[in-house]
Amino acid sequence: MKEFIFKQYVDNICSHMGMSSSELFVKSRKAEIVDARQLLFYLCSEKRKMAFTEIKSYADKVGLVQDVSNIAHAVHRFKAKLEKDPDLSFIIKKIDKIEY
């Protein structure tokens, strides 16, 4: 069930950001890609209470090999961005919708 939610978040983020899932999971430091990945990890961790190890497992399956520490750091960074930019909460509400 949680893997389905992870994949739904990937689809929602890619649709909102105008990118493909292959772009989301490529190793890149481009700001829009990093922001999208941070958002994905944040939603999984904070909204759906997935453990970092679960998120890592799902990311590995789609080709993005991440250390648990990288995922934790991404979530921490996104929380800091959210505190500085309250408009991000509107994006989160839009992307957080899961259709079963």
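Mentor: Let us begin with Leu-24. Beyond its neighbours within four places in sequence, Leu-24 is in contact with Val-10, Cys-14, Met-19, Ile-33, Ala-36, Arg-37 and Leu-40. Please keep in mind that this is a predicted model.

Trainee: What makes these residues contacts of Leu-24?
Mentor: The criterion is heavy atoms within 4.5 Å. Val-10, Cys-14, Met-19, Ile-33, Ala-36, Arg-37 and Leu-40 are in contact with Leu-24 in that sense.

Trainee: Which residues touch the most other members of the largest nonpolar core?
Mentor: Leu-24 is one of them, together with Phe-6, Tyr-9, Leu-40, Phe-41 and Leu-43, in a core of 31 residues. Helices H1 (2–17), H3, H4 (52–61), H5 and H6 (88–95) each supply at least two residues of this core. Its largest share, eight residues, comes from H3. In soluble globular proteins, nonpolar side chains tend to be buried together.

Trainee: How do you know which fold pattern the chain follows?
Mentor: The chain has six helices and zero strands. Read along the sequence, the pattern is accordingly α-α-α-α-α-α.

Trainee: Why are H3 and H5 called roughly perpendicular?
Mentor: The axes of H3 (residues 31–47) and H5 (residues 68–84) cross at roughly 95° and come within 8 Å. Angles of 65 to 115 degrees count as roughly perpendicular, and H3 and H5 are therefore described in that way. On the H3 side the contact is made by Asp-35, Gln-38, Leu-39, Phe-41, Tyr-42, Ser-45 and Glu-46. On the H5 side it is made by Ile-71, Ala-74, Val-75, Arg-77, Phe-78, Lys-79, Lys-81 and Leu-82. By class, the contact of H3 with H5 has eight nonpolar, two polar and five charged residues.

Trainee: Why is H5 called oblique to H6?
Mentor: H5 and H6 pack at an angle of about 120°, with their axes 8 Å apart. The roughly perpendicular range is 65 to 115 degrees and roughly antiparallel is over 145, so an angle between those two ranges counts as oblique. That makes H5 oblique to H6. Phe-78, Lys-81 and Leu-82 of H5 meet Leu-88, Ser-89 and Ile-92 of H6. This contact of H5 with H6 has four nonpolar, one polar and one charged residues.

Trainee: Why is Gln-38 called buried?
Mentor: Gln-38 has a relative accessible area of 7%, and buried means under 20%; Gln-38 is therefore buried. Gln-38 lies in helix H3. Not counting residues up to four places away in sequence, Gln-38 touches Ala-74, Arg-77, Phe-78 and Lys-81.

Trainee: Is Ile-5 buried or exposed, and how do you know?
Mentor: Ile-5, in helix H1, has a relative accessible area of 7% and is therefore buried by the criterion of under 20%. The C-alpha atoms of Ile-5 and Ile-98 are separated by 6.8 Å, although these residues are 93 residues apart along the chain. In the chain as a whole, buried residues make up 38% of the 100 residues.

Trainee: How do you know that the radius of gyration agrees with that of a compact globule?
Mentor: With 100 residues, a compact globule would have a radius of gyration near 13 Å; the chain has 12 Å, which agrees. The C-alpha atoms fill a box of roughly 30 × 30 × 25 Å along the principal axes. Of the contacts with a separation of 6 or more, 62% are between residues 24 or more positions apart.

Key:
Residues numbered from 1 in each chain as written. Predicted model: local features only at pLDDT ≥ 70, side-chain atom pairs only at ≥ 80, totals over all residues. Heavy atoms only, no water. Axes fitted to C-alpha atoms, helices over the stretch in contact; angles between N-to-C directions. Helix = DSSP H or I, 4+ residues; strand = E, 2+ residues; numbered from the N terminus. Parallel < 35°, antiparallel > 145°, perpendicular 65-115°, else oblique. Nonpolar A, V, L, I, M, F, W, Y, C, P; charged D, E, K, R; others polar. Core = buried A, V, L, I, M, F, W, Y, C linked by side-chain atoms within 4.5 Å. Buried < 20%, exposed > 50% of the residue type's maximum accessible area, 1.4 Å probe, protein only. Rg over C-alpha atoms; globule rule 2.2 N^0.38 Å.
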